[in-house]
Amino acid sequence: MLCAETQLLKQPSFPAFLTAAVAHSAAEVEKSGNKDQVRAPVGGWAKTSADVCSWICTLCPCKALHSWGWAANCNLMELKEMPHLNSSIKILHLQNNNLTTVPLGALDSLTNLEEINFSNNPWHCNCSILYLKEWLADFNKSSLAKAICATPASLNMKALSQLKGNELEGCRKPLNWKLPIHLLKGLLLLLLLLLLLLLLLLLLLLLLLYGHLIIQQFDE
């Protein structure tokens with residue numbers, strides 16, 4: 001049995017109503033002598049891994065650790081999307097799946113995590129992969145080094161840790177030629193001053209020309 005009922009009751013983040021159901025089923029198991037099954041909270045008999053682990057990590061088998069916490073093994077589950085993860089997970093194996101990205105915030109609840117494996121997934125290295133890159137960099141740089149890009153073709157087989165944001169597809173921002181308002185006002189004022197200066201120079205030139213003509217008339 002993957003999750004013993006005595007260990008279930010030690011998990012503080014486990015839903016209260018589910019804990020009560022497991023406690024009740026443990027008493028029934030004690031009477032029946034069947035140690036391989038516990039009563040499912042929604043009714044019927046089912047394996048503990050199916051009932052309990054769906055609360056810990058959807059789609060993946062799990063087991064309670066000797067110390068507080070859970071281990072979730074999603075290795076070779078052909079996952080294309082991230083499963084829902086409980087905050088009590090301490091060990092998480094997600095290697096050898098078909099994951100291409102991790103949604104923003106999907107790993108933020110794993111405050112008790114001590115070990116993770118994301119290797120051998122066909123990561124699509126566009127701008128949306130930045131969340132995983134930054135999260136792994138904060139958590140464990142060796143785990144980040146094992147995340148290898150599969151697509152696009154230009155980044156195939158490149159480690160995510162070696163890529164910068166502007167190298168990722170969709171992260172290159174187009175040049176923004178819009179100038180700030182205060183800069184536009186400054187340029188407009190400068191143009192007006194230059195225009196005024198030009199007018200003054202023209203006026204000065206006309207005055208000089210007029211003076212020159214008057215002098216010529218007196219000389220004649």
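Colleague: Let's start with Cys74. Which residues is Cys74 in contact with, leaving aside neighbours within four places in sequence?
Modeller: Cys57, Cys60, Leu79, Pro83, Leu92, His93, Leu94, Gln95 and Asn97 are in contact with Cys74. Keep in mind that this is a predicted model.

Colleague: And where is the place of Cys74?
Modeller: Cys74 sits in the loop between strand 4 and strand 5.

Colleague: Is Cys74 buried or exposed, and why?
Modeller: Cys74 counts as buried because its relative accessibility is 0%, and the cut-off for buried is under 20%.

Colleague: What separates the C-alpha atoms of Cys74 and Cys62?
Modeller: Those C-alpha atoms are 8.6 Å apart, and the two residues are 12 residues apart along the chain.

Colleague: How many bridges join strand 4 to strand 5?
Modeller: Four, between residues 70-73 of strand 4 and residues 89-93 of strand 5, and these two strands run parallel. Trp70 stands opposite Ile89 in strand 5, and Asn73 stands opposite His93 in that strand.

Colleague: What about strand 5 and strand 6, how many bridges there?
Modeller: Three bridges join strand 5 to strand 6, and they run parallel. Across that pairing, Leu92 is opposite Ile116 in strand 6.

Colleague: Tell me about Leu92, then. What does Leu92 touch, not counting residues up to four places away in sequence?
Modeller: Leu92 touches Ala72, Cys74, Leu85, Leu110, Leu113, Glu115, Ile116 and Asn117. Leu92 is also one of the residues that touch the most other members of the largest nonpolar core.

Colleague: Which other residues touch the most members there, and how many residues are in that core?
Modeller: The core has 36 residues, and alongside Leu92 the ones touching the most other members are Ile89, Leu107, Phe118, Trp123 and Cys125. Strand 3, strand 4, strand 5 and helix 4 (130-139) are the elements that give two or more residues to this core. Helix 4 provides the largest share, four residues.

Colleague: You had Asn117 in the list for Leu92. Where does Asn117 lie?
Modeller: Asn117 lies in strand 6. Apart from neighbours within four places in sequence, Asn117 contacts Leu92, His93, Leu94 and Gln95. The side chain of Asn117 also makes a polar contact of 2.7 Å with the side chain of Ser119.

Colleague: Switching to the backbone: what is the phi of Asn96?
Modeller: Asn96 has a positive phi of about 60°, although it is not a glycine. Asn96 lies in the loop between strand 5 and strand 6. At 29% relative accessibility, Asn96 counts as partly exposed.

Colleague: And what is phi for Asn120?
Modeller: Near 60°, which is again a positive value in a residue other than glycine. Asn120 is in the loop between strand 6 and strand 7 (123-124). With 54% relative accessibility, Asn120 counts as exposed, since the cut-off for exposed is over 50%.

Colleague: Which is it for the peptide bond from Thr151 to Pro152, cis or trans?
Modeller: That bond is cis, with omega near -5°. Pro152 is found in the loop between strand 8 (149-151) and helix 6 (181-219).

Colleague: Last topic, the whole protein. How many helices and strands are there?
Modeller: The protein has six helices and eight strands. From the N terminus on, the elements go α-α-β-β-α-β-β-β-β-β-α-α-β-α.

Colleague: What percentage of the residues in the protein is buried?
Modeller: Buried residues are 33% of the 220 residues. As for the surface, the protein exposes about 14200 Å², and carbon and sulfur atoms supply 63% of it.

Colleague: And of the contacts between residues at least 6 apart in sequence, what share joins residues at least 24 apart?
Modeller: That share is 44%.

Methods:
Residues numbered from 1 in each chain as written. Predicted model: local features only at pLDDT ≥ 70, side-chain atom pairs only at ≥ 80, totals over all residues. Heavy atoms only, no water. Pairing = 2+ DSSP bridges. Core = buried A, V, L, I, M, F, W, Y, C linked by side-chain atoms within 4.5 Å. Buried < 20%, exposed > 50% of the residue type's maximum accessible area, 1.4 Å probe, protein only. Contact = heavy atoms within 4.5 Å. Polar contact = N/O pair within 3.5 Å; in protein donor to acceptor, adjacent residues only side chain to side chain. Areas by Shrake-Rupley, 256 points an atom, 1.4 Å probe, with all protein chains shown as cover.
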